[in-house]
Each structure stands twice: as C-alpha cells, then as structure tokens.
Amino acid sequence: MTVTPVTVRVPAKVNLQLAVGPLRADGYHELVTVFHAVSLFDEVTVRPADRTSVRVSGTDAAAVPAGRANLAVRAAAALARAARPRGASSAVAIEIRKRIPVAAGLAGGSADAAAALVACNELWQAGLSAAELSAVAAGVGSDVAFALLGGTAVGRGRGEQLTVALAAGTYHWVLAFSPGGLSTPEVYAACDRLRAARAVGVAAGPGRARPPGLGAALGASPVASSAGGRAVDPVAGSSGGEGAAGVPEPRLSTELMVALRSADPAAVGPLLSNDLQPAALSLRPELRRTLSAGRELGAIGAMVSGSGPTCAFLAADARHARDLAVSLTGAGVCRGVAGCHGPVHGATVIPAGEHG
Ligand code: ATP
C-alpha cells in the first residue's frame with residue numbers, strides 16, 4: 001500500500017509583548033508574552049521511510065542541523081514515544097522547506113517541530129487531540145505549542161502555557177532580516193548581565209563610579225564587544241543570583257490587550273514591548289539603525305522580534321506595509337525584508353498539490 005506523504009504549513013511568530021521575569025531554578029526565565037503568528041511560513045513534508053532522515057532547503061538551510069539535533073526530528077521522535085504502539089515503525093523522511101530565517105527570533109525551529117508533530121499525527125493516524133499534541137510540544141521546546149495553535153495568544157511559564165487572546169482585525173508587518181543569527185541563550189544571558197549591572201549601578205547610588213563597560217547597560221551607548229556579550233564583565237556569569245535579584249515578576253500589559261481588541265494598529269503600535277531588546281541591541285548595536293530607519297519611514301510600531309536580530313515593524317495597512325518594505329530595502333539597513341500579516345493559523349495540513 002502506498003502511503004501519501006503529509007505536508008504541513010507552519011507560521012513564524014513575533015512577540016507583541018515579551019516580559020522577562022526572574023531566572024528560575026531550572027535555568028529558564030519566567031515569561032509573560034503575547035505571541036502573534038504571521039504569514040511567513042515553513043513547509044514540512046513527512047513520508048514513511050526505512051530510517052529517519054531530514055532534508056532542508058530554502059532560506060538559511062545550511063545553518064539547520066541535519067541530524068537528531070533538528071527540532072523536527074526531535075518532535076517526530078517525541079510523538080512516536082507518545083503515540084506509536086511498541087514495535088510499529090516510526091521512521092520518517094522529513095523534508096523542510098524554509099522561508100523563516102534561522103536563529104532570527106521568529107521561532108522557525110519551533111515551527112518546524114510543530115509542523116512535524118501535526119504531520120506525523122496525520123501520517124500515522126495517531127489521533128492525538130490538540131491538547132495531547134500541545135503536551136508533547138511543550139516537551140520539545142518552549143515555543144512549539146504556540147506554533148501548533150497560531151493566532152494571538154498569551155504565553156506564560158516558559159511560554160508553553162497558552163491562553164488564546166481576544167484580538168480583532170488583521171495587522172500588517174514588515175520584517176527586516178539581519179545578516180547572521182543570534183543565539184537565544186546568549187541573548188538571555190546578556191539580559192541577565194545588563195540587569196545585574198543596572199542593579200550594581202543603582203546600589204552604588206548617583207554619582208558613584210560604575211564598573212567599566214556599564215554605559216551601554218544603562219542605555220548610554222552600545223556595548224563595544226559582541227563576543228558573547230562579555231563586555232559587561234563585572235557581573236558576567238552571575239546570571240542567576242545577581243541578575244535575578246530584584247527582577248519583578250512579569251506582568252501582562254492590559255493596555256496592549258485592550259488595544260488588540262480595538263483592531264487599531266495605531267493603538268497597538270506604541271504598546272509593543274520586548275524586555276530582550278536591550279540585550280539584543282547590546283550584542284548587535286547596528287540594529288538601532290534599523291529600528292530608527294523604520295520609525296523614520298513611518299512605522300507605527302518598531303521592535304526587535306523575540307531574541308532578535310529580526311526587527312518587526314507594524315504598518316497602518318497592507319499598502320503602507322508594501323511602501324515601508326520598499327523604503328527599508330532602499331535604506332540598506334538590513335539583509336532583506338518580508339511583508340506579512342497576522343494573526344494566521346498555526347500548523348495546518350495542506351492538501352496534496354497545493355504546496356510549493
Ligand atoms: P527561538 O525559538 O529560541 O526564538 P529563533 O527563532 O531565534 O529561536 P530558530 O530559527 O528556531 O531560532 O533556531 C534556533 C536554533 O535551533 C538554530 O540555531 C538551529 O541550530 C537549531 N535548529 C534545530 N532545528 C531547526 C530547524 N528545523 N530550523 C531552524 N533551526 C533549527
């Protein structure tokens with residue numbers, strides 16, 4: 001019997017709010033975030049095979065691990081453990097067509113993992129419910145459950161505890177991509193160092209000498225070194241204790257939630273926020289220029305997406321987004337742009353013949 005391959009389309013995300021709380025004992029930060037799925041999609045196809053393999057094509061394909069480190073492979077293995085009867089073959093050939101840039105703060109790897117879960121659930125006729133898939137997803141990665149769900153949703157914990165948000169309307173975005181990615185753990189570590197440095201500055205009191213390298217931490221100028229953000233050395237490596245001290249619990253922006261219900265981008269734009277942005281800027285000072293250019297060109301909201309380095313610009317409407325994309329390209333402040341809109345559905349099976 002020939003089994004038809006299954007193809008799933010899965011969106012990237014931006015975070016409309018990313019509030020980063022204290023570092024937890026398990027090494028993760030407590031988060032409150034507003035996820036928003038946008039129409040920049042990867043496609044993942046699975047078919048039965050003698051042994052599991054993964055092939056990646058498209059944007060940044062060379063930067064994606066080809067073996068068991070690939071999140072789609074991990075997701076398929078996790079689903080096999082949760083759903084396959086003992087002894088039944090769970091080997092699959094996985095094909096990933098990437099349009100979501102890698103290590104860009106758009107959760108492309110998590111998206112591929114979610115797509116693999118949905119595709120294998122279908123291929124194996126495993127019959128897991130959305131809630132069961134979500135539980136498997138949470139074990140694979142923090143953003144995977146959201147890529148299953150899509151839309152606009154509040155994430156808590158590591159981001160895996162989701163509540164659908166009441167958002168109205170469609171929002172038009174321009175994403176500005178950077179050359180090279182940023183490692184999410186490195187951005188969180190930089191965030192901890194900046195916070196610890198700020199705490200030291202506050203404790204020292206006004207007029208007291210600051211430890212060297214703290215200008216950028218306190219917003220004066222970019223950190224000079226991008227080598228793992230080690231420029232703020234006095235507190236490097238203390239990202240648990242010092243960094244966590246005095247960091248408030250993250251809080252959902254009720255103003256943003258109200259604005260999202262209004263369907264008015266002009267109300268949403270000024271309320272976009274990302275606690276990781278200073279850390280991403282400290283590691284990539286040149287992103288300041290990208291953000292300024294977008295604002296000067298009329299974006300009604302501008303922020304680093306997640307852990308960066310992608311910058312996301314909110315436009316008034318589809319036409320404004322097209323104009324903004326053209327102007328940003330002309331300004332030479334990024335390696336490329338993509339226009340997209342949100343919210344869109346999470347990982348979805350697409351009928352044979354409709355995928356590219
Ligand atoms: P995050 O979800 O932490 O915000 P990100 O969006 O910044 O991450 P991803 O594109 O998800 O970044 O990639 C993060 C890392 O995951 C990459 O550097 C890559 O080594 C690894 N990875 C594993 N599988 C995949 C995949 N299928 N696609 C992209 N990256 C993958």
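**Exercise 1.** Which residues line the largest cavity?

*Solution.* The model is predicted: local features need pLDDT of at least 70, side-chain atom pairs count only at pLDDT 80 or more, and totals for chains, interfaces and linings use all residues. Residues are numbered from 1 along each chain as its sequence is written, and side-chain values use heavy atoms, with hydrogens and water left out.

Step 1. Take the term: on a 1 Å grid over the protein atoms alone, a cavity is a set of points where a 1.4 Å probe fits but cannot get out, and lining residues have an atom within 4 Å of a point.

Step 2. List the lining of the largest cavity: P11, A12, K13, A37, L106, A107, S110, A111, D143, F146 and A147.

Step 3. Sort these residues by class: 8 are nonpolar (Ala, Val, Leu, Ile, Met, Phe, Trp, Tyr, Cys and Pro), 1 is polar and 2 are charged (Asp, Glu, Lys and Arg); the others, Gly among them, count as polar.

**Exercise 2.** Find the residues that surround the ligand and sort them by class.

*Solution.* Step 1. Count the residues with a heavy atom within 4 Å of the ligand: 21 residues surround it, and the closest are A103, G105, A107, G109 and T184.

Step 2. Sort this shell by class: 11 nonpolar, 7 polar and 3 charged residues.

**Exercise 3.** List distances between ligand atoms and N70, K98 and G105.

*Solution.* Step 1. For nitrogen atoms of the ligand, an N or O atom in the side chain of N70 is 3.2 Å away, and one in the side chain of K98 is 3.3 Å away.

Step 2. For oxygen, a polar backbone atom of G105 lies 2.9 Å from a ligand atom.

Note on methods:
On a 1 Å grid over the protein atoms alone, a cavity is a set of points where a 1.4 Å probe fits but cannot get out, and a pocket is an open set with protein on both sides within 12 Å along at least five of seven lines; lining residues have an atom within 4 Å of a point. A polar contact is a pair of N or O atoms within 3.5 Å; within protein, one must be able to donate a hydrogen and the other to accept it, and residues adjacent in sequence count only if both atoms are side-chain atoms.
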